[in-house]
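Here is a short tour of one protein chain, written for someone who likes to know the cut-offs behind each term. Have the viewer open and follow along.

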Amino acid sequence: MRTRARQWSRVTRAGAAGAVLALATGPAALAVPTPPHPASRGSPTGTAPGEQSRGGELYRQSCASCHGDRGRGSPRGPSLVGVGAASVDFQLATGRMPVPAETRQPRRGEPVFSADEIAALVDHVTSFGGGGPQIPRVAPGSLTAGRELFAANCAPCHGATGSGAPLTNGWIAPPLYDATPVQVAEAIRVGPGLMPVFPSQVLTDQQVNDLTTYVQQLRGHRPDRGGNPLGRLGPLAEGIVAWIATLGLLVAAARWLGRRAGE
């Protein structure tokens, strides 16, 4: 009788221990493992999934109201399908987009987004498809060749010194002093505004490098050894100022001599 009681006591203790173990490990044992989230598709340029979602969020906040959820355009903004990475990067990096109100020609300003945000937006917009020019890789070029190319293709609108000039119907050719080499190359390839597009069949990558090298020499950050640059409008402005100053001196001298003769 005592033996059976001891055996029953052991079984009871074992059962209690098993129950305690089941209560301790039960939630973990019964928990269904959470399946991993499916990996998001990477963008054509290899952006990480997190950055791609960031680009989509920024696009919905700042771009979709004019260009549509999938970039197909609307009465307030053109389609972005097929514009290419270079066009998107140019508009964002130069602060031309996004605009607070509709305008015919957005002007250069401070970028609204950081470099990482611009890269994420570029990847999101290019995911709409359609190809388009990629962001060019710029290298140093020939200053002499660049000057010749600039005189033939750019100076008629942007001026011989790159200071810009008014065009027709309220359009302007903007000054080039603040443009980076990549932005100059992007503008050559995509042709923003009234600017013509120069594909690689017209201007090779080496010629684009030559042009960007020359444009950097036109930047307004270098000291002017001759004094006041007069807006960098060239010899015409300098000649007008010289004539006005000379005529002023002649008039002042004539009046002084007339006053002396009257006395």
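## Starting inside: Phe 150 and Tyr 214

Phe 150 counts as buried because its relative accessibility is 1%; buried means under 20% relative accessible area, exposed over 50%, and partly exposed in between, with a 1.4 Å probe and protein chains only. Tyr 214 is buried as well, at 13% relative accessibility.

Before going further, a word on the source: this is a predicted model, in which local features need pLDDT of at least 70 and side-chain atom pairs count only at pLDDT 80 or more, while totals for chains, interfaces and linings use all residues. Residues are numbered from 1 along each chain as its sequence is written, and side-chain values use heavy atoms, with hydrogens and water left out.

## Aromatic pairs

A pair of aromatic rings is described by the distance of the centres and the angle of the planes. Here rings of Phe, Tyr and Trp (its six-membered ring) pair if their centres lie within 6.5 Å; planes under 30 degrees apart count as stacked, over 60 as edge-to-face and the rest as tilted. By this rule there are 2 aromatic pairs.

Tyr 59 and Phe 128 make an edge-to-face pair, with 5.4 Å between centres and 75 degrees between planes. This pair links distant parts of the chain, 69 residues apart: Tyr 59 sits in helix 2 (residues 49-62) and Phe 128 in the loop between helix 5 and helix 6. Helices (H or I, at least four residues) and strands (E, at least two) are DSSP runs, numbered from the N terminus. Both Tyr 59 and Phe 128 are buried.

Phe 150 and Tyr 214 form a tilted pair, at 5.4 Å centre to centre and 55 degrees between the planes. This pair also links distant parts of the chain, joining Phe 150 in helix 6 to Tyr 214 in helix 9 (residues 205-217), 64 residues apart.

## Helix 9 and its cover

How does the span of helix 9 compare with what its 13 residues should give? At 1.5 Å a residue they should span 18 Å, and the end C-alpha atoms are 19 Å apart, which agrees; the expected span is 1.5 Å times one less than the number of residues.

The buried residues of helix 9 include Val 208, Leu 211, Tyr 214 and Val 215. Helix 6 and helix 8 (181-190) are among the elements that cover the buried residues of helix 9, where contact means heavy atoms within 4.5 Å.

## Two loops

Pro 133 lies in the loop between helix 5 (115-126) and helix 6 (143-153) and counts as partly exposed because its relative accessibility is 30%. Beyond its neighbours within four places in sequence, Pro 133 contacts Val 83, Gly 84, Ala 85, Ala 86, Arg 189 and Val 190. Its C-alpha atom is 9.9 Å from that of Val 88, 45 residues apart along the chain.

Ser 163 is in the loop between helix 7 (155-158) and strand 1 (165-166), and at 19% relative accessibility Ser 163 counts as buried. The C-alpha atoms of Ser 163 and Pro 175 are separated by 4.4 Å, with the two residues 12 apart along the chain.

## The whole chain

The protein has 10 helices and 2 strands, running α-α-α-α-α-α-α-β-β-α-α-α from the N terminus. Of its 263 residues, 30% count as buried. Among contacts between residues at least 6 apart in sequence, 60% join residues at least 24 apart.
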